[in-house]
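Open the model in your viewer and switch to a cartoon display.

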Amino acid sequence: MVFRAGLMALYLFFAGAAFARGDIVVHDDLGNSVSLPGPATKVVSLYAGHSETLLAMGYGDRLVAVSQSDDGELFPGIPRLPRNFDPESIIALNPDLILSRPMLEGTHGRALDVLRRTGIPVVNLDPPVWTSLFDYVRTIGELFGDRGDVQVDLLARSIKRLFIMAETRREGGKKPVFFLETGEKGIRTCSPDSWAAGILELAGGINGASDASPLREGSPLAPYGMERLIGITPTLDIYIVQQGAMNDVTEKSVSERPWIEILRGKRILFIDERDLSRPSVYRMESTVRRLTDFFFSEDR
């Protein structure tokens, strides 16, 4: 009993010491336990979705570098790292946190290991889908010294407002059925549980390709094919074309497709893939509002 009491006292001593130092411990999406001596104040973000979410949560002033794929106008004066970044260039910034994503361990694992060996904490967070969004925001809040539940509550309130807005605009009318084209070759769409599908449904739409299966587990993309598209076309109200690196098309090239006639009578919307498919809390509200305006415009 004395031995057990001694262990408890020792545990309380070290726990108290950690609390006094302000240690922050999180578990990332690779299962790693990562410790910070205090709230992150100088952060390198290696993924644009992370950078934009930090901006939305009020942490943009703590970024000291962002990724090459980040939009420069959102982060004026902040260095944008090349795709094949040099660890030494990051070390020179003296960051106290590197926010990465698991897939970068496959492409930049050696560079990230160099950074870890210098003592810089590296936290790998997957881009969130709707089922993981609150956990994602909670973890970020904790890394920056805030109560994660407070940030989650703010986000939940924002999502609720957007849902009510879409329902109000609908005024009891029919929800439009959409198909989202994420890739022209072979006709790809979004996975039913992807960020893009959630954004479109939050805006008041119904996914006409909800039977799509992802390319692989966890992929936001799903093959669909022309035959299946033709089969659901009579049920569609809107055909949405995502434009960007994943689907390098123009309005002119789409209008010249041999099969464009199957979309006669359907409304077509072109949208930047960064706004729709990048998991970004920063873009969420503006994108949902734009989609809701299109879905329930007076001339629909």
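This is a predicted model. Begin by selecting what covers the buried residues of helix H6: the cover includes helix H5 (133-143), helix H7 (195-202) and helix H11 (281-295).

Next, select H6 itself, residues 148-170. Its 23 residues reach 33 Å from the first C-alpha to the last, close to the 33 Å expected at 1.5 Å a residue. Show side chains for the buried positions of H6, among them Val152, Leu155, Ile159, Leu162 and Met165. Step past the end of the helix to Glu171, where phi is positive, near 55°.

Now move to the open sheet. Its four strands lie in the order S10-S8-S12-S13, with parallel pairing.

Zoom in on strand S12 (residues 238-243), which runs parallel to S13 and is joined to S13 by six bridges. Select Gln242 and look across to Ile271 in S13, which stands opposite.

Finally, bring back two of the helices. H7 packs on the sheet and touches strand S8 (177-181), S10 and S12; the direction of H7 makes about 150° with that of S8. H11 also packs on the sheet, touching S12 and S13, and the direction of H11 makes about 170° with that of S13.

Note on methods:
Residues numbered from 1 in each chain as written. Predicted model: local features only at pLDDT ≥ 70, side-chain atom pairs only at ≥ 80, totals over all residues. Heavy atoms only, no water. Expected span 1.5 Å × (residues − 1). Buried < 20%, exposed > 50% of the residue type's maximum accessible area, 1.4 Å probe, protein only. Contact = heavy atoms within 4.5 Å. Pairing = 2+ DSSP bridges. Axes fitted to C-alpha atoms, helices over the stretch in contact; angles between N-to-C directions.
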